Amino acid sequence: MININLIRKNFYKRLFPPKFENERVQTLYNFVSKNDNNFEHWELDGLLTDFINIIKHYDEKDTQHFFDTINLWNSYYLVIISDKFLDNRVKSNVTYDFGNIYAKIFLLYENFDSYFLIDNLEIAITMYNSKLDTTTLIDLLGKINLLHHKKLITKQQFEYNLSFINNLQNEL
């Protein structure tokens, strides 16, 4: 079933891109929107380096603004950003905990598309050695239950991710 409102929203965002009050968030948005058609081919000494240079200076203020305005982002752009967080070359060039950010994008991502992100949730959290707070872990459990209840993930995915999150809770 085609969601007309989602198509309209994405079309509007293409014609009238959002304006952010944070320079780093605006720069990231502009960069991703300009280079979204070839993100699979971003390489060092090219677009991947540009992406790294944008995000490697992110701090708590930038991250908070990113999440405060996440509703302005095209969901496809969030998938691109999340995908790039999983690149070892990105990880080796940043010090910020982007595994935690990946988890929060997964939580805020539209209900019906979250299955694109669930398979790499453990990888992102492990890669960045993320320390998720109790609230985030509880929210992850809720989101995974919701996805399973709506039959958007398999029972195997549900059980595996449930076990992973329980292990993270035990480490607290």
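A residue is called buried when its relative accessible area is under 20%, exposed when it is over 50%, and partly exposed in between, with a 1.4 Å probe and protein chains only. By that definition, 45% of the 172 residues of this protein count as buried.

Good morning. Before I continue, a word on the source. This is a predicted model, in which local features need pLDDT of at least 70 and side-chain atom pairs count only at pLDDT 80 or more, while totals for chains, interfaces and linings use all residues. Residues are numbered from 1 along each chain as its sequence is written, and side-chain values use heavy atoms, with hydrogens and water left out.

Let me begin with the overall architecture. The protein has 11 helices and zero strands, where helices (H or I, at least four residues) and strands (E, at least two) are DSSP runs numbered from the N terminus. Along the sequence the pattern therefore reads α-α-α-α-α-α-α-α-α-α-α. Contact here means heavy atoms within 4.5 Å. Among the contacts with a separation of 6 or more, 73% are between residues 24 or more positions apart. The protein exposes about 9,900 Å², of which carbon and sulfur atoms supply 53%; these areas come from the Shrake-Rupley method with a 1.4 Å probe, and for residues only the protein chains shown count as cover.

I turn now to the interior. A nonpolar core is a set of buried Ala, Val, Leu, Ile, Met, Phe, Trp, Tyr and Cys residues joined through side-chain atoms within 4.5 Å. The largest such core holds 53 residues, and those touching the most other members are Leu28, Phe51, Phe66, Trp73 and Phe85. Helix α7 gives the most to this core, with seven residues. Which residues does phenylalanine 66 contact, leaving aside its neighbours within four places in sequence? They are Val25, Leu28, Trp73, Leu78, Ile81 and Ile105.

Phe51 brings us to helix α3, residues 47-55, where Leu48, Phe51, Ile52, Ile54 and Ile55 are buried. Seen down the axis of α3, these buried residues fall within an arc of 160°, so they line one face of the helix; the arc is that of the directions from the helix axis to the C-beta atoms. The buried residues of α3 pack against α2 (23-34), α5 (75-85), α6 (88-91) and α7 (98-108).

Next, a helix further along the chain, α10. Its 16 residues should span 22 Å, and its end C-alpha atoms are 22 Å apart, which agrees; the expected span is 1.5 Å times one less than the number of residues. Thr136, Leu137, Leu140, Leu141, Lys143, Ile144 and Leu147 are buried in α10. They fall within an arc of 165° when seen down the axis, so they line one face of the helix. On the other side of α10, Thr135 and His149 are exposed. At the N-terminal end, aspartate 133 caps α10, with a side-chain oxygen 3.2 Å from the backbone nitrogen of threonine 135. This is a polar contact, that is, a pair of N or O atoms within 3.5 Å; within protein, one must be able to donate a hydrogen and the other to accept it, and residues adjacent in sequence count only if both atoms are side-chain atoms.

Is histidine 65 buried or exposed? Histidine 65, in helix α4 (residues 60-68), is buried, with a relative accessible area of 15%. Its side chain reaches the backbone nitrogen of glutamate 21 at 3.4 Å. Asparagine 100, in helix α7, is buried at 16%. Not counting residues up to four places away in sequence, asparagine 100 touches Ser130, Lys131 and Leu132.

Finally, the backbone. Most residues other than glycine have a negative phi, and most peptide bonds are trans. Aspartate 45, in the loop between α2 and α3, has a positive phi near 60°, and counts as exposed at 79% relative accessibility. Asparagine 129, in the loop between α9 (121-127) and α10 (134-149), has a positive phi of about 50°, and is exposed at 54%. Lysine 151, which follows α10, also has a positive phi, near 60°.

Thank you for your attention.
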